[in-house]
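Please keep the 3D view open as you read.

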Amino acid sequence: MQMQHLMLKTLLTVVLMLLALPAAAHHGWAGNTAGDIEVSGVVTKGVRLAGAHGTMQIEDPDGQIWDITLAPGPRTNRAGLKEDVIPIGAEVTVFGERNDDPEIFEAKVRRVVWGDQVFDVYPPQ
């Protein structure tokens with residue numbers, strides 16, 4: 001009986017630790033608080049919705065590649081920004097917050113504009 005009780009406690013502990021992983025992995029806006037930014041550029045890597053957040057890459061007019069972090073996949077999808085909607089080579093403008101480190105060209109964005117389409121991945125409040 002004691003062995004069953006110990007096995008049950010161990011199993012419960014493992015399950016609770018696994019359930020806590022997604023919460024621990026989600027970092028919110030940490031690291032991207034250097035202020036609002038607007039970046040225009042050409043899409044070099046299209047929207048991907050796998051992982052904790054959607055992502056894409058754009059190249060600005062100075063040739064700098066920006067890593068763009070979108071909302072979580074389901075939220076980005078609900079905003080209408082799905083994989084393969086914006087083609088590689090398309091001109092976009094993103095609005096969000098830049099990474100705190102000026103050497104890192106990354107922004108977590110609230111809005112992506114492509115032509116006359118506006119994708120509010122984090123709707124205005």
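A search of the whole structure turns up one aromatic pair. Here, rings of Phe, Tyr and Trp (its six-membered ring) pair if their centres lie within 6.5 Å; planes under 30 degrees apart count as stacked, over 60 as edge-to-face and the rest as tilted. Strands and helices are DSSP runs numbered from the N terminus, with helices (H or I) of at least four residues and strands (E) of at least two.

Before going further, a word on the source: this is a predicted model, in which local features need pLDDT of at least 70, side-chain atom pairs count only at pLDDT 80 or more, and totals for chains, interfaces and linings use all residues. Residues are numbered from 1 along each chain as its sequence is written, and side-chain values use heavy atoms, leaving out hydrogens and water.

The cut-offs are under 20% relative accessible area for buried, over 50% for exposed, and partly exposed in between (1.4 Å probe, protein chains only). Phe-105 has another neighbour to look for: Arg-98 lies over its face, at 4.9 Å from the ring centre. A charge sits over a ring if NZ of Lys or CZ of Arg is within 6 Å of the ring centre and within 35 degrees of the ring normal.

Now turn to His-53, in the loop between strand 1 (36–48) and strand 2 (55–59). His-53 is buried, with a relative accessible area of 6%, and its side chain reaches the backbone oxygen of Leu-70 at 3.0 Å.

Stepping back, the protein has two helices and six strands, running α-β-β-β-α-β-β-β from the N terminus on. Buried residues make up 31% of its 125 residues.

How far can you trust the picture? The mean pLDDT (the predictor's confidence in each residue, from 0 to 100) is 84, and 74% of residues reach 70 or more. Over residues 20–26, pLDDT stays under 50, and the model has one contact (heavy atoms within 4.5 Å) beyond four places in sequence for them.

Note on methods:
Polar contact = N/O pair within 3.5 Å; in protein donor to acceptor, adjacent residues only side chain to side chain.
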